[in-house]
Amino acid sequence: MRSAIHYHQDAGVLKYVNPKIGTYGVSPDDNGGMIPSVSVPFGMTRWTPQTRENYISQVPYHDADGFIHGFQATHQPAIWMGELGQVVLTPGWTREVKPLFEQRAFTFRKEDEVSTPYVYEVTLDADTEGDHDWDLTEDTAGEGPVPGGAGSASDDVRNGANGRVRKRSAPVGNFTRQVQVAMSASAHTSHLRFDFEETEDSQSEELVQPYVSIQVTRQNWTGQVQIDPKENEISGSNPQRQDYRLGPDKPASFRGYFVSRFSEPFASYGTSLGGNISEGTTSASGELLGAYVKFHENTSRVEVRTAVSFVSVEQARKNLDTESPDNSSVEDTIESAKSAWLEKLGRVTIEGVNSTDKEHDPRTIWYTGLFHALQYPSDFSEPTGNDANCVRTFYSGYTDNVHESNDSYYQSWSIWDTYRAEHSLLTIFAPERVNGMMRSLLQIFDWSGRLPMWANMVETNIMIATNADAVLANAISRGFRSFDLQKAWKAVRKDAFEPPDNDTELLYYDREPDTSYEARAGLTSYMDHGWVDNDGWSESGSRTLDYAFNDAACAVVARAVGELDEAAALERRAGNYATIWDAETQFMCARNANGTWANDTWGWTEGDKWVYTFDVLHDADGLAALFDGGRRGMKKKLDEHFDGGHNMHSNEPSHHVPYLYSLIGYPSAAAERIRGLAWDNYNATSAGLSGNEDLGQMSAWYVFSALGFYPVNPASDEYVVGTPFFEKVTLRLSAGVATGGEVGVAGGRERTLVIEAPGATAKPYVKGLTIDEIVSASVIMFEMSGTPTAWGEDGEL
């Protein structure tokens, strides 16, 4: 592939980012669930090459696939969530238009892919023959293992799409006719460049018109499309929302809208329904809907700019004119996206790195981790003008209506995952957005009467607990208060004291369809006797432990508004984790309504009794006191947990566990476990994440751990010491990082923080530490040792 070298000039630290990390896995659970997408930080829409049709448990790209079927605008936030409002563009250079997924497959060479945060490049074989990958479509999978997002109480929905394991390759030789693709994007708009080239090996004398086709909808979803030859535009809408069975909100008028504008005049055009082509038609509606435009035979380059909106076609056109006007080039879009990512990642300089091969370069893992973490949650607001401070407009699925605001509106809230470290990371690396994110949470509370659990346009009720309580407490603890604190207290107080509708009638199992807002299912029994009854609610052991932590987080919000008595009551209730401690077995165990112990394999959310025995993020001392032998007994159990192979870093409940060693006085043991976990679970290849990224949480663990500390209790402002991976990291912190996101106030300027750990590449153990408050400090100095030390044996590091 003849890559456009000038695309990559002045890329700085972005040379270390590999967006293909997390794009490979033999099942949905050991797949990072990521895609080699291009967008900007927190962009509403990500654009990705499409190698398969996505649905719940499958994303649109997999690094094992050997064919590209198009280039997709996606809003699927995670592998176990659904797509909504997507659109796919595909070039073609054949006599007949090929609108179907399996027909429009292109062979490509993996070595020809260039994937960066700001541009994706690939060369496609224009002469690829035959149908390919029908079994990778949504239609053949029947929407996947959880149609509409709904699961059953008894089946494990996490075993993959019909148990299939796929790895595909295609015979690849020299291309005689090829399409060179360059794709970049902004928050709502993509810019694609298709170069149609005949190579020196081509002996074809036949002139064939190049074309671009657009897939508007899939099977079972009725879309609309319009072609405007005078304006060189195709526009349309797609109502698909794959999580339609989940949660109480039914946004009947939801649609994803798009406008595509082409650089070349149309020679001909038409629409398609399934495989049926209607040449010359300018509008159509239906299922498996598409449109296409052909260009004159001598056309060698076509550029297409596509804007997406959740508001209307008119707003999509406004997004296009704002972000990618007619006089803009692909190079302009690339430079804009590059600058946006450099503004974030370019603030960090890493020195003193372990010498290793390219597949394990810790700089690539770290910078890619930060790249992943700064994509979520997504800003779903859209501009009404060219001014960066203009009024924003957005569609809300909660009200099924369009709103305007001076604020951004954030969606894609995977809070059971991200409350652990992702939101702490955002307070350091994106402080200017944190207050707006909290205001979005409270806006959702205004509309729905509940804070979100897992929101994907609307509430899905996936996972458990009211961990938005901790996200608000996290912001408050770190000085972010430019949102309505009284409303925050009202929201978390409702979480803590008001059970969900039909609490005693529903199991509230994972992916139970058509339920009301789940909030704290089982709160009725939790408030009555301190635990969630296993014989009344699913996942009762995990709920009990998480609700105790949620109570601690609610207490932080209560104190912030002066509700000291209620804060004290919630802090006492935060000790309820002890109600499911089985002193005889030395494990946490779910309990029935009459107080008897349940089977020790029951009652857990994506984990077991081992990891949930350590699920007390807010009170390590209190947890240690439960063990026979206190801290020593807890260390013994931690050793058994890790040495016995029980720790599953691929899922979030395990992420804080190695840091508990530090909190109970064994930091050298923490250092050993942390470095082992980093080595075993992360690398710089497409298989570089051992589990789902889950909207930045997997990467947030690595980003923090490499710096040498981690937020074990994310409802507080404390970090726990681990083991830095680099000898020196210089962070140029954004304005507002130490002043709650506010600039123009005392202390609100940019500041530089240097984290030094001489010898860290070879010495894993901390021997000493000098630090002030992290966001106010100028230097954090670790003194490292090659052998275990006595430093920190008093605990609480």
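This is a predicted model: local features need pLDDT of at least 70, side-chain atom pairs count only at pLDDT 80 or more; totals for chains, interfaces and linings use all residues.
Pro383 stands opposite Arg392 in β22. Strand β22 covers residues 392-396 and is joined to β21 by two bridges, the two strands running antiparallel. Both belong to an open sheet of three strands, ordered β21-β22-β23 and paired in antiparallel fashion. The edges are formed by β21 (382-383) and β23 (401-405), each of which pairs on one side only. Strands of a sheet pair through backbone hydrogen bonds, either parallel or antiparallel.

The largest nonpolar core has 206 residues. Those with the most contacts inside this core are Phe71, Phe262, Leu345, Trp366, Leu374, Leu425 and Phe429. Helix α11 (residues 540-560) supplies the largest share of the core, with nine residues.

Aromatic rings come next. The model has 32 aromatic pairs. One of them joins Trp366 and Phe429 in an edge-to-face arrangement, with 6.2 Å centre to centre and 70° between the planes. Trp366 lies in helix α4 (residues 362-373) and Phe429 in helix α6 (residues 422-429), so that the pair links parts of the chain 63 residues apart. Both Trp366 and Phe429 are buried. A stacked pair is formed by Phe614 and Phe627, at 6.4 Å centre to centre and 15° between the planes. Phe614 is in the loop between α13 (609-612) and α14 (620-626), while Phe627 is in the loop between α14 and α15 (630-643), 13 residues apart. Phe614 and Phe627 are buried as well. Elsewhere, ring pairs link Tyr659, Phe704, Phe709, Tyr710 and Tyr719 into a cluster.

Two rings also have a charged side chain over the face. Lys338 takes this position on Tyr118, at 5.0 Å from the ring centre.

Val729 belongs to strand β32 (residues 728-733). Is Val729 buried or exposed? Its relative accessible area is 3%, and because buried means under 20%, Val729 counts as buried. Beyond its neighbours within four places in sequence, Val729 is in contact with Val348, Thr349 and Ile350, with Leu707, and with Leu753, Val754 and Ile755. Tyr612, by contrast, is 117 residues from Val729 along the chain, and their C-alpha atoms are separated by 34 Å.

How many disulfides does a search of the whole structure find? The search returns zero disulfides. Cys554 has a relative accessible area of 0% and is buried. Cys589, at 5% relative accessibility, is also classed as buried, because the limit is under 20%.

Conventions: Residues are numbered from 1 along each chain as its sequence is written. Side-chain values use heavy atoms; hydrogens and water are left out. A nonpolar core is a set of buried Ala, Val, Leu, Ile, Met, Phe, Trp, Tyr and Cys residues joined through side-chain atoms within 4.5 Å. Buried means under 20% relative accessible area, exposed over 50%, partly exposed in between (1.4 Å probe, protein chains only). Helices (H or I, at least four residues) and strands (E, at least two) are DSSP runs, numbered from the N terminus. A disulfide is a pair of cysteine sulfur atoms within 2.5 Å. Rings of Phe, Tyr and Trp (its six-membered ring) pair if their centres lie within 6.5 Å; planes under 30 degrees apart count as stacked, over 60 as edge-to-face and the rest as tilted. A charge sits over a ring if NZ of Lys or CZ of Arg is within 6 Å of the ring centre and within 35 degrees of the ring normal. Contact means heavy atoms within 4.5 Å. Two strands pair if DSSP finds at least two bridges between them.
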